[in-house]
Amino acid sequence: MNSLKQLLSQGDLRSIGQSNYVVSIIDNQHTFDELFQLIYDSDRKIVMRAADALEKLSVTHPHYLSPHKKDLIVGLSQAENKELKW
């Protein structure tokens, strides 16, 4: 299986790339945590798509976000990346 970062890096900023596929393969807390770490990546495209996938996953699996509550409140309020702020 391709890494999550590789899957999210395909295409350009005008598309969501493979983010819907990434959503379909996240099936546990560990892989969700790996995806969450990608919101700190230096590539805006990966950050945008990771955030998109995290939002979609949190609708059906809100408990996956629990370990990241502090990061969401503190870290994202300081985000410089406009794609993440959206």
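Asp52 and Lys56 sit four residues apart in helix H4, about one turn of the helix, where helices (H or I, at least four residues) are DSSP runs numbered from the N terminus. The two side chains form a salt bridge with 3.0 Å between the closest N and O atoms; a salt bridge here is a side-chain nitrogen of Lys or Arg within 4 Å of a carboxyl oxygen of Asp or Glu. A search of the whole structure finds three salt bridges.

The model is predicted: local features need pLDDT of at least 70 and side-chain atom pairs count only at pLDDT 80 or more, while totals for chains, interfaces and linings use all residues. Residues are numbered from 1 along each chain as its sequence is written, and side-chain values use heavy atoms, with hydrogens and water left out.

**The pair in helix H4**

- Asp52 is buried, at a relative accessible area of 18%; buried means under 20% relative accessible area, exposed means over 50%, and partly exposed lies in between (1.4 Å probe, protein chains only).

- A salt bridge joins the side chains of Lys5 and Asp41, at 2.8 Å from N to O.
- Lys5 is partly exposed at 41% relative accessibility, whereas Asp41 is buried at 16%.

**The pair Arg14 and Asp12**

- Arg14 and Asp12 form a salt bridge in which the closest N and O atoms are 2.5 Å apart.
- Arg14 is exposed, with a relative accessibility of 76%.
- Asp12 is partly exposed, with a relative accessible area of 32%.

**Phe32 and its contacts**

- Phe32 is found in helix H3 and is buried, at 0% relative accessibility.
- Leaving aside residues up to four places away in sequence, Phe32 touches Ile26, Leu54, Leu57, Tyr64, Leu65 and His68, where contact means heavy atoms within 4.5 Å.
- One of these residues, Leu65, is 33 residues from Phe32 in sequence, and the two C-alpha atoms are 8.5 Å apart in space.

Terms used. Helix = DSSP H or I, 4+ residues; strand = E, 2+ residues; numbered from the N terminus.
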